[in-house]
Amino acid sequence: MTIQWFPGHMTKARRQIEDKLKLIDVVIELLDARLPLSSRNPMIDDILKDKPRLIILNKSDLADAEATKKWLAYFRAEGHVAHPVDASTGSGVKEIPDQVRLLLKEKIDRQIAKGMNPRAMRALIVGIPNVGKSTLINRMAGKNIAATGDRPGVTKGQQWIKTGGDLELLDTPGILWPKFEDQMVGYRLAITGAIREEILNVEDIAFYAIKFLMQDYGDRFKERYGIEKLPEDLDNPDEIVTVMEAIGRKRGCLVSGGRVDLEKASRTLLHELRAGKLGRFSLEAPGK
Ligand code: G4P
């Protein structure tokens, strides 16, 4: 199944971001460290053009540390400044202004050379839904920020959020949509919980999660679910379903007659994976 956003959705989001680009010096692009490519809008280069950009790998607390290192190297090799963050605890957040200053160094130096007093650096945070934009904004502001439109009596003009230093943020983040033409992008996002299970079938999401875990984190997977031997052929769907049944039996997801309730087994597995019970994981690695 291919998920389709309304075609108008992306056009509107794109226009909103393009309008905001005029107001800011730098874009902070948030990606999910566990799946940087699938959580990236494929039109981002086209939308941002040559606006300086800081790439943040958020939720790095949940990602495989080795994979995150490789992703940072990958983005840096592409000429970007890239930085890992855990917005939920604030780890890596206080370095963000320095990273932005690094990006704007030439501009700031030019202003100083002309005898000007550089004004605050202004940034727009962009990213797909659920990647952690609000969490990061609140963390940088040091308080809970409500969207401007939600507060009665507040003028709708542009509001700047102060972060305690020489960096200011636009109060509303730019929302971009991931690329859904590739159905595996949808499944990877769903495995992390970024797409609700009503949109994709929960058993299908668990199917891909099991396959991925067996491929990349086989030992942890075997240990958690007491599976002695992984299937030989991970491309054989029957073998994956057999493993799903074993998980269901292990977790007591049974219906009358002792059959395994595959939907319940799927929900249980996904819940445990997202809650970190199988450890930190990354669904994508550069060049894979
Ligand atoms: P958005 O504005 O981009 O849509 O994302 P938002 O900040 O609402 O974050 C989406 C979910 O991701 C939230 O969890 C948030 O707590 C979590 N999150 C954000 N950054 C990080 C991070 O770096 N690490 C981890 N582990 N989680 C992060 P939620 O369950 O939807 O809400 P809540 O129960 O935390 O309030």
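The buried residues of helix α9 are covered by elements that include α8, α10 (237-250) and α11 (262-274), where contact means heavy atoms within 4.5 Å. This is a predicted model, in which local features need pLDDT of at least 70 and side-chain atom pairs count only at pLDDT 80 or more, while totals for chains, interfaces and linings use all residues. Residues are numbered from 1 along each chain as its sequence is written, and side-chain values use heavy atoms, with hydrogens and water left out.

Helix α9 spans residues 218-225, and its buried residues are Gly218, Phe221 and Tyr225. Buried means under 20% relative accessible area, exposed over 50%, and partly exposed in between, with a 1.4 Å probe and protein chains only. An α-helix has 3.6 residues a turn, so residues three or four places apart point the same way. After α9 comes Gly226, with a positive phi near 60 degrees.

Two single residues follow. Thr68 lies in helix α3 (residues 65-77) and counts as buried because its relative accessibility is 6%. Leaving aside residues up to four places away in sequence, Thr68 touches Ala33, Leu57, Ala63 and Pro84. Lys51 is in the loop between α2 (44-48) and β2, and is partly exposed, at a relative accessible area of 22%. With the exclusion of residues up to four places away in sequence, the contacts of Lys51 are Leu21, Ile24, Asp25 and Val27. The C-alpha atoms of Lys51 and Glu198 are 37 Å apart, and 147 residues separate the two along the chain.

The next feature is the largest pocket, which has a volume of about 410 Å³. On a 1 Å grid over the protein atoms alone, a pocket is an open set of points where a 1.4 Å probe fits, with protein on both sides within 12 Å along at least five of seven lines; lining residues have an atom within 4 Å of a point. Grid points are joined across faces, edges and corners, and the volume is the space filled by probe spheres set on the points. The lining has 16 residues, of which Arg188, Phe212, Gln215, Leu283 and Glu284 lie nearest the centre of the pocket. Two or more lining residues come from each of α7 (183-192) and α8 (202-216), and α8 gives the most, with five.

At the level of the chain, there are eleven helices and seven strands, defined as DSSP runs (helices H or I, at least four residues; strands E, at least two) numbered from the N terminus. An automatic or database assignment divides the chain into domain 1 (7-170) and domain 2 (201-275). The centres of domain 1 and domain 2, taken over C-alpha atoms, are separated by 37 Å. Of the 288 residues, 45% count as buried.
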